[in-house]
Amino acid sequence: MNPSTKIVRINVNVRLTTSIDDLPTDILSSEILVRLPAKCIGVYRTVSKQWLSLLSSKKFILLHCRHISTSYKQMFFSVALFQSSVFPVTFDPSDYLPKTLIPLPTNTYWYDVLVLTSFDGLVCLSFRETQKMILWNPLTHATKFVSSTLSRGRFKQKTDAVGLYVSPSNEYMLLHAKRRNGSMKLYKYSSRCDSWRKMGFVDERKYHNYKMSWSNGTFFQGVVYFIVKVDAAGMGNYLFGFHVDSDELKSKPKPATTNHDGDVSLVVVRNQLHMFVANSLPNWSLHLWRMNGENWTKIWVRQNILPPSLFGRTITYVVSTGKFLVVSRSGTVFEIDTTKNGIECYYPVFSESSIQGAVYTETLMSPDF
């Protein structure tokens, strides 16, 4: 043998493949597990103590919520005659609607519940009899009462408005616009601290009276937007935005066609704020506007049709279908399809007596986050 020759020994028992156990924890959680549906995460928590700790951490829950809320199929939560249920939002009139019945929180009766708003898998409900509000996750059934003994957090139908949002410190907050005794007061609730704080408000007294109807808030890029409709000739609609970093409520510019009697509703589509405007006589029409900075651009319109009533309705963009789902107060849920013409662009897809509802995505988010 040549003295310069090296002998190389190969260990045939060396494992050449990589298993999931070999992946770094941060890669496993941020690139793989965050893509799983929330129901699957509950199963994987039973794998080991390490996985239970990882998948129950606030960091992972927030990361999973941010990913799943923009990429996974949405669900529709409904409270109707004698029951509450959830089902997918991909409606097909020819198919049976697969419902999953779920119990309402606190064993309350269906007719006592008001569905106010939803955000990141949390649904805000109030009760007609007591006016108390709760935050509730329909998937995990986690529930938290937000009303205090000082009448804070009590929702009065037809006069109040609410909006859910996330603060710059990733704290979930509930904004409550409250009209009492001819004045408007603004409060925000911290889920983490379980406390209410009174905020400032606009100075103009004309925005405080009972001739105004406030929509619930739509959270977009650090601002909670409210549509205010005035029930008086020539007054029209106003747009306000509550800036969560400065706790200031400011008047916002709106499309030119919303000055008078049109019904208006806000919706977030692919990380951009949009506004539906339904105009009545003399020119029946339905418009869709997109906000660009401080300006609005009209991107879709259908003329000479009887538009749906939109103000106070919940409109959600359904990622999986590219359509808009509208939950009305009359017991009918219908879709708006911007690829169709004329009256075919909107149509009922589901109807049930006394229905209320909200579109949400199943997440692990806790009301105490």
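1. Strands β5 (residues 122-127) and β6 (residues 133-136) run antiparallel and are joined by four bridges. Strands here are DSSP runs of E with at least two residues, numbered from the N terminus, and two of them pair if DSSP finds at least two bridges between them. One facing couple to look for is Val123 opposite Trp136 in β6.

2. Before you go further: this is a predicted model, where local features need pLDDT of at least 70, side-chain atom pairs count only at pLDDT 80 or more, and totals for chains, interfaces and linings use all residues. Residues are numbered from 1 along each chain as its sequence is written, and side-chain values use heavy atoms, with hydrogens and water left out.

3. Zoom out from β5 and β6 and you get an open sheet of four strands, ordered β4-β5-β6-β7, with antiparallel pairing. β4 (113-119) and β7 (143-145) sit at the edges with a single partner strand each, so one side of each has no neighbour in the sheet.

4. Now the rings. The whole structure holds 18 aromatic pairs; rings of Phe, Tyr and Trp (its six-membered ring) pair if their centres lie within 6.5 Å, and planes under 30 degrees apart count as stacked, over 60 as edge-to-face and the rest as tilted. One of them is Phe119 with Tyr172, tilted, at 6.2 Å centre to centre and 50 degrees between the planes. Phe119 belongs to β4 and Tyr172 to β9 (residues 172-180), so this pair ties together parts 53 residues apart in sequence. Tyr172 counts as buried, at 2% relative accessibility (buried means under 20% relative accessible area, exposed over 50%, partly exposed in between, with a 1.4 Å probe and protein chains only).

5. Tyr165 and Phe219 make another tilted pair, 6.0 Å centre to centre with 40 degrees between the planes. Tyr165 is in β8 (residues 161-166) and Phe219 in β13 (residues 218-220), so the link spans 54 residues of sequence. Tyr165 is buried as well, at 1% relative accessibility.

6. Ring pairs gather Phe119, Tyr165, Tyr172, Phe219, Phe242 and Phe369 into a cluster. Lys58 lies over the face of Phe369, 5.8 Å from the ring centre; for this, NZ of Lys or CZ of Arg must be within 6 Å of the ring centre and within 35 degrees of the ring normal.

7. Last stop, β21 (residues 314-318): four of its five residues are buried, so the rest of the structure largely encloses this strand. Five bridges connect β21 to the antiparallel β22 (residues 323-327), with Thr314 partnered by Val327. Four residues separate the strands of this hairpin, and Gly322 takes a positive phi near 75 degrees.
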